[in-house]
Amino acid sequence: MGGEMRAPDLRVSVGSMRMKNPVMTASGTFGYGEEYAPYVDLNRLGAIVVKGLSWEPRLGNPPPRIIETPCGMLNAVGLQNVGVKVFVEEKLPRLRCFDVPVVANIYGETVEEYGRVGEALSSAGGVSALEINVSCPNVRKGGVVFGTDPDMAAEVTSTVVAGTDLPVIVKLTPNVTDIALIAQAVEAAGAHAVSLINTLLGMSIDVETRRPHLAHIMGGLSGPAIKPVALCMVRQVVKKVKIPVIGVGGIVKAADALEFLIAGASAVQIGTASFVNPRAAIDVIEGIEAYLVRHGEAKIKDIIGSLQE
Amino acid sequence: MEGKISFQSEVAPGHFLLSVDVAGEIDPPLPGQFAMLRPFPTLDPLLARPLSIYGYRRSEGAVRLEFLYRVVGKGTRLLSALIPGDKVGVMGPLGKGFRVPEKVERIVIIAGGMGVAPLTYLAEYCRTRDERIPLMVYLGARTSGLIVGEDRLRNLVGYCRIMTEDGSCGDGGLVTDGVKCDLSVIDGPDTYYFACGPAPMLKELSVLLGAVGSRCQVSLEERMACGVGACLGCAVLIRRYGKECYTSVCKEGPVFALREVVWEAK
């Protein structure tokens with residue numbers, strides 16, 4: 001020991017996607033990247049996951065769409081997005097100017113639509129991975145959420161995997177009885193990684209008007225309040241799959257991210273925290289680095305899954 | 001950006017005038033722009049609060065932003081408890097402000113309740129740009145206790161008409177009644193209207209000023225999370241180029257042409 005220690009190696013990979021560090025920005029919280037460019041050096045991020053894309057542009061839900069809750073917030077934005085065509089023509093070229101992998105989050109109302117969206121993005125060039133949002137209702141099966149049924153989740157996964165050479169990440173919904181079961185099903189169907197958790201279903205009421213705060217009545221809960229749930233589910237899934245697990249949910253500082261990494265996540269996503277601190281992702285990267293230096297660890301990989309139970 | 005409270009006082013029950021000094025350079029805010037303020041280093045309340053910019057001053061190398069606001073909940077209550085010297089997180093100036101055209105014959109400002117804040121900054125901006133342009137203000141609230149910021153506004157304009165719903169000061173009625181009364185006299189091809197206030201007031205204006213077309217701009221408000229157009233939480237329905245789209249109040253607004261705003265049945 002003694003002498004200068006080299007900067008720790010923060011590199012991780014998900015399938016063929018190589019990231020300079022394990023910190024990604026979560027879908028739906030970072031727009032298409034350019035919104036935060038004045039505040040954050042995008043080149044320093046591990047990856048950017050863009051807003052969920054569907055085949056056609058989607059209008060989204062009527063307002064009010066958001067409401068703050070204790071240590072968190074509910075959102076019912078309604079998957080508003082510009083659609084694949086506009087994304088590829090207008091948003092993707094701007095993102096290519098940065099040296100950061102772009103992950104395209106995708107969804108559909110039918111299995112077939114997922115496949116179509118995945119294929120279109122794969123052939124566009126400039127996309128490093130696909131993240132499948134299975135928290136959407138299957139309109140052909142009476143609106144049952146894809147991610148709540150292992151067979152439906154597997155079918156979506158295998159359809160998308162078949163249509164692309166890109167690594168495919170499946171973003172799991174926590175609104176299920178056994179998230180590890182869904183994780184195993186999508187792993188068997190060819191997913192290269194899973195990311196969890198998406199938002200928790202929640203509600204808030206205005207007692208003066210006696211109406212729900214959200215026009216959509218129910219929404220997705222995110223923010224620090226959900227961290228314990230997300231962390232627990234990450235640990236449950238890590239024990240049951242071999243593919244990389246990306247941890248998401250309530251991470252606002254480096255110590256939060258480290259909890260997920262120690263629990264076995266190979267990477268993390270920062271979402272709501274960006275609203276609180278536009279530089280949250282950068283602060284987390286720097287904090288992880290400082291932690292590794294302080295603990296004399298040369299590589300991030302040495303602490304991933306180092307939880308002692 | 002980090003800011004420091006330089007002044008805060010309760011100017012009317014529940015209404016506060018706040019000034020925040022920020023170190024470093026920021027562009028002079030345009031009237032109608034806002035800032036996201038975070039008075040708390042905690043995670044609860046989680047989100048910054050958007051407040052319209054009421055004033056902008058430069059002194060001794062520091063930039064001073066002024067806000068006039070009403071306590072409506074957890075976040076504003078905490079903000080109102082801050083004293084000079086306290087730190088506050090400031091993000092801004094944000095959004096697209098009011099656009100005052102080159103060729104203007106008369107400017108009519110219509111303020112409902114706390115709409116007075118951005119519109120006062122607009123009046124100051126117009127006065128500085130051209131001392132001679134007639135500036136008229138219609139300022140309304142439910143009752144006299146809720147009329148705030150009248151003095152600063154009166155000093156900037158040539159004509160000020162106060163309306164209160166209960167008649168406790170000024171004329172009795174809605175602020176839109178005051179405008180309706182004078183409309184035939186004040187309107188003209190180069191008369192421009194700028195409005196800010198509660199949604200029912202703006203809805204009423206969209207009917208009253210339907211014929212003035214693009215000569216009326218309104219500042220909207222909606223709950224916000226990110227403030228920069230990334231989360232789409234604050235989107236309102238806007239009609240542009242024949243299409244209706246949910247558009248971020250924080251980034252594409254808060255100012256829109258009145259005729260672009262689609263008033264849905266709530």
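Contact here means heavy atoms within 4.5 Å. In this predicted model, Ala117(B) is in contact with Ile53(B), Tyr54(B) and Leu68(B), leaving aside its neighbours within four places in sequence. The briefing below also covers the interface of chain B and chain A, where about 2,500 Å² is buried, and helix α8 of chain A, which spans residues 280-294.

**Ala117 of chain B**

- Ala117(B) belongs to helix α2 of chain B, which runs over residues 116-129.
- With a relative accessible area of 2%, Ala117(B) counts as buried because that value is under 20%.
- Pro31(B) is 86 residues away from Ala117(B) along the chain, and the C-alpha atoms of the two are separated by 9.7 Å.

**Interface of chain B and chain A**

- Chain B brings 27 residues to the contact, and chain A brings 32 residues.
- Carbon and sulfur atoms give 66% of the area buried between chain B and chain A.
- One salt bridge is found across the interface of chain B and chain A; the side chains of Arg49(B) and Glu68(A) meet in a salt bridge at 2.8 Å, N to O.
- Six residue pairs, with both residues at pLDDT 80 or more, are in polar contact across the interface of chain B and chain A.
- On the side of chain B that touches chain A, the elements giving two or more residues are β7 (87-94) and β15 (243-248) of chain B.
- Strand β15(B) supplies the largest share of that side, namely three residues.
- By class, the residues of the side of chain B that touches chain A comprise 16 nonpolar, nine charged and two polar.

**Helix α8 of chain A**

- Helix α8(A) is made up of 15 residues, and the distance from its first C-alpha to its last is 21 Å, close to the 21 Å expected at 1.5 Å a residue.
- The buried residues of α8(A) begin with Ala280(A), Ala281(A) and Ile282(A), and continue with Val284(A), Ile285(A), Ile288(A), Tyr291(A) and Leu292(A).
- Among the elements of chain A that cover these buried residues are the strands β3 (23-25) and β18 (267-270), together with the helices α6 (254-263) and α7 (273-276).

Definitions and conventions: Residues are numbered from 1 along each chain as its sequence is written. Chains are lettered from A and ligands numbered from 1 in the order in which they are written. This is a predicted model: local features need pLDDT of at least 70, side-chain atom pairs count only at pLDDT 80 or more; totals for chains, interfaces and linings use all residues. Side-chain values use heavy atoms; hydrogens and water are left out. Helices (H or I, at least four residues) and strands (E, at least two) are DSSP runs, numbered from the N terminus. The expected span of a helix is 1.5 Å times one less than its number of residues. Buried means under 20% relative accessible area, exposed over 50%, partly exposed in between (1.4 Å probe, protein chains only). Buried area is the accessible area (1.4 Å probe) that two parts lose on being put together, summed over both. A salt bridge is a side-chain nitrogen of Lys or Arg within 4 Å of a carboxyl oxygen of Asp or Glu. A polar contact is a pair of N or O atoms within 3.5 Å; within protein, one must be able to donate a hydrogen and the other to accept it, and residues adjacent in sequence count only if both atoms are side-chain atoms. Ala, Val, Leu, Ile, Met, Phe, Trp, Tyr, Cys and Pro count as nonpolar, Asp, Glu, Lys and Arg as charged, and the others, Gly among them, as polar.
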